[in-house]
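Here is a friendly note to read alongside the model. Keep the structure open and find each residue as it comes up.

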Amino acid sequence: MDNKEIDLRREEVTRYITPLREGGSLPALVEAADGFRYVLKFRGGGHGSKALISELVGGETARRGGLRVPELVFLDLDEDFGRTEGDEEIQDLLQASRGLNLGLHFLNGAYAWDVAVNRPDPLEASKIVWLDAFLTNVDRTSRNTNMLLWNRELWLIDHGSSLYFHHNWTGWEKAAVSPFAYIKDHALLPHAALLEEADALMRGRITPEFIDSVVAAIPEEWLSQSSATVAPGEQREVYAAFLKSRLENSKIFVDHAFNARKQLVG
């Protein structure tokens with residue numbers, strides 16, 4: 001298995017196009033120096049750089065698991081960027097986000113995945129349920145699927161609500177072996193009929209070596225902003241230990257998801 005380093009491209013934001021107000025942290029559609037458009041997630045948003053860390057770890061872990069995720073790109077905001085913006089809320093957000101942010105390649109023409117209409121492949125649904133239980137992602141429900149239909153394929157977006165243990169660094173060891181009760185609300189749980197098969201496939205791809213590489217890819221400045229009390233090096237150690245423990249104990253959350261699904265579909 002290839003475990004090369006994760007190396008995201010880095011581009012400069014050149015144009016702010018429009019806010020995307022459906023997101024709680026007010027992401028925006030922007031254009032970068034490479035001429036492409038991105039959905040920009042701001043480090044100055046509600047959960048600060050923690051949301052960007054979750055987005056990076058979650059998105060690259062999904063990609064490693066063979067799921068479709070728009071390309072993630074580091075995006076720089078110049079300190080003068082946004083000074084002419086007329087909306088004070090947006091101007092404050094831009095000024096608070098100077099420096100390194102994160103963008104997802106914009107999927108032009110994509111539609112929100114509708115669980116009442118769209119039917120996923122059972123194995124793909126099972127892998128996504130596994131992923132979100134592994135990452136403790138609380139935000140892929142029927143009300144807000146954070147999935148898109150693009151070119152007739154299912155794409156995952158917005159992993160910023162993953163790894164919620166890092167909002168309170170104490171007790172992460174217990175969180176790492178939790179069954180993840182919120183999986184009962186997952187948008188794809190009724191379709192996840194192959195959880196054991198998904199567990200075997202995902203554990204084969206998401207290795208301890210991969211976990212080390214994705215944790216190493218977290219920018220130092222995000223970690224420095226993320227906590228005033230936990231040093232960046234210690235944060236990296238905790239992220240890696242949390243994910244490796246979760247991987248080693250995947251049977252706990254897989255069994256819980258299986259039982260939760262059984263209650264839904266019989």
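1. Start with R9 and E11, which form a salt bridge whose closest N and O atoms are 3.0 Å apart. The term salt bridge stands for a side-chain nitrogen of Lys or Arg within 4 Å of a carboxyl oxygen of Asp or Glu. R9 is partly exposed at a relative accessible area of 30%, whereas E11 counts as buried at 17% relative accessibility. Here buried means under 20% relative accessible area, exposed means over 50%, and partly exposed lies in between, using a 1.4 Å probe and protein chains only. Salt bridges with shared partners join R9, E11, D34 and E71 into one network.

2. A word on what you are looking at: this is a predicted model, in which local features need pLDDT of at least 70 and side-chain atom pairs count only at pLDDT 80 or more, while totals for chains, interfaces and linings use all residues. Residues are numbered from 1 along each chain as its sequence is written, and side-chain values use heavy atoms, with hydrogens and water left out.

3. E11 also leads us to a strand, because it stands opposite L75 in β4. Helices (H or I, at least four residues) and strands (E, at least two) are DSSP runs, numbered from the N terminus. Strand β1 (residues 10-19) pairs with β4 in the parallel sense over 3 bridges. On the pairing rule, DSSP must find at least two bridges between two strands. Strand β5 (residues 99-105) runs antiparallel to β4, and 6 bridges join them. One of the bridge partners to look for is L102 in β5, which belongs to F74.

4. Is strand β4 enclosed or open to the outside? In β4 (residues 72-77), 6 of the 6 residues are buried, so the strand is largely enclosed by the rest of the structure.

5. D212 and K244 form one of them, with the closest N and O atoms 2.8 Å apart. D212 sits in helix α6 (residues 208-216) and K244 in helix α8, so this pair ties together parts that are 32 residues apart in sequence. Both ends are partly exposed: D212 has 38% relative accessibility, and K244 has a relative accessible area of 29%.

6. Helix α8 takes part in another such link. R236 forms a salt bridge with E220, and their closest N and O atoms are 3.0 Å apart. R236 lies in helix α8 and E220 in helix α7 (residues 220-226), so the pair ties together parts that are 16 residues apart in sequence. E220 counts as partly exposed at 45% relative accessibility.

7. Now for the rings. A pair of aromatic rings is described by the distance of the centres and the angle of the planes. Rings of Phe, Tyr and Trp (its six-membered ring) pair if their centres lie within 6.5 Å; planes under 30 degrees apart count as stacked, over 60 as edge-to-face and the rest as tilted. A search of the whole structure finds 12 aromatic pairs. Among them is the edge-to-face pair of W130 and F253, at 5.5 Å centre to centre and 65 degrees between the planes. This pair links distant parts of the chain, 123 residues apart: W130 is in helix α3 (residues 122-135) and F253 in helix α9 (residues 250-265). W130 is buried at 1% relative accessibility, and F253 is buried with a relative accessible area of 1%.

8. W169 and Y239 form an edge-to-face pair too, at 5.3 Å centre to centre and 75 degrees between the planes. Why does this pair tie together parts that are 70 residues apart in sequence? W169 lies in the loop between β8 (153-156) and α4 (172-176), while Y239 lies in helix α8 (residues 232-248), so the pair bridges that separation. W169 is buried at 14% relative accessibility, and Y239 is buried with a relative accessible area of 1%. F165, W169, Y239 and F242 form one aromatic cluster.
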